[in-house]
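Here are my notes for a colleague opening this entry for the first time. Please read them with the structure in view.

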Amino acid sequence: MATLTINNDAGRDYARGVKQRSVQVGYDVVRQESFEPTDTEVSNQLNAIRASNAGGLATLVTGATEIAMLKYRRQTSMSDPTFIYSGAASIKSFLEPAGSAATGIYSALWLKDPADPQWATDASLDRYRSTVAKYGKGVDANDIIVANGYGLAEALVAALESADELTTDGLLQAWDHLPATQLDVLLPGIELKGNAVTGRPVQAYQVAQYDGRSWQKQGEVVGRSGLGG
């Protein structure tokens, strides 16, 4: 296994998490590469990873750098399984611009991507699209970032409704102890649930592979522990 991550706190935490999980499940991380936030291509890092004979690649790369990474990976025939960060798995923003180079990559997802054709007639996303059309003037409902913000708003409403008192402390308590909650934008089988230790309400993910048009689920939903969380 190898990692390629941006050189900031998030990237370092991601690389550290992969390394820690590798010890738990008994595989080796043979190469860890990073790049600066100002870098727009990572060919040198990918060449070093290819030379390491790693059997897979986990990345935290976003923006134009991610698109360049996917294209260079295809150009150099890197065929080992590659996982992209869920926050950089947008079909509209990243995968479509990468073209065929994005086909076959993996991610661990929890949101429905409104640009994914499999959700074109999904009843929950129809409610989301209707709300965005009514209140989000000029907003592109097919942008997963919009869906992410909508989901956060849904979660905040659920926390407010479950709070014992509408104060800052009351809201924080409600957030940390949020009961299992379904949202329109969550993938099937995934729900929010409060966690007073981590503060993160997303407790499960769906591993999926991009087929060039849509995300195809691989296996069943797994909990955070199954992904090292």
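1. Tyr-210 is buried, at a relative accessible area of 3%. Buried means under 20% relative accessible area, exposed over 50%, and partly exposed in between (1.4 Å probe, protein chains only). Trp-215 is buried as well, with 5% relative accessibility.

2. The model is predicted: local features need pLDDT of at least 70, side-chain atom pairs count only at pLDDT 80 or more, and totals for chains, interfaces and linings use all residues. Residues are numbered from 1 along each chain as its sequence is written, and side-chain values use heavy atoms, with hydrogens and water left out.

3. How many aromatic pairs does the count come to? The count is 3. Rings of Phe, Tyr and Trp (its six-membered ring) pair if their centres lie within 6.5 Å; planes under 30 degrees apart count as stacked, over 60 as edge-to-face and the rest as tilted. One of the pairs is Tyr-128 with Tyr-150: the ring centres are 4.9 Å apart and the planes stand at 85°, so this pair is edge-to-face. Tyr-128 belongs to helix α5 (residues 123–135) and Tyr-150 to helix α6 (residues 144–162), so the pair ties together parts 22 residues apart in sequence. Tyr-128 is buried, with a relative accessible area of 0%. Tyr-150 counts as buried too, at 17%. Tyr-210 and Trp-215 form a tilted pair, because their ring centres are 5.5 Å apart and their planes are at 55°.

4. Now the whole chain. The protein chain has 7 helices and 8 strands. Helices (H or I, at least four residues) and strands (E, at least two) are DSSP runs, numbered from the N terminus. The radius of gyration is 19 Å, close to the 17 Å that the globule rule gives for 229 residues, so the chain is as compact as a globular protein of that length. That radius is taken over C-alpha atoms, and the rule is 2.2 Å times the number of residues to the power 0.38. The C-alpha trace spans about 55 × 35 × 35 Å along its principal axes. Of the 229 residues, 43% are buried.

5. Contacts next. Contact means heavy atoms within 4.5 Å. Take the contacts between residues at least 6 apart in sequence: 57% of them join residues at least 24 apart.

6. Pro-81 sits in the loop between α3 (63–75) and β4 (82–84). Pro-81 is partly exposed, at 36% relative accessibility. Leaving aside residues up to four places away in sequence, Pro-81 touches Gly-55, Gly-56, Leu-57 and Tyr-106. Pro-81 and Ala-58 are 23 residues apart along the chain, with 8.6 Å between their C-alpha atoms.

7. Check the backbone at two loop residues. Most residues other than glycine have a negative phi. Asn-53 has a positive phi, near 60°. Asn-53 lies in the loop between α2 (43–51) and β3 (57–60) and is exposed, at 68% relative accessible area. Ser-77 also has a positive phi, about 60°, although it is not a glycine. Ser-77 is in the loop between α3 and β4 and counts as exposed at 62%.

8. Which helix holds Val-23? Val-23 is found in helix α1 (residues 9–25). Val-23 is exposed, with a relative accessible area of 68%. Val-23 and Ala-54 are 31 residues apart in sequence, and their C-alpha atoms are 16 Å apart.
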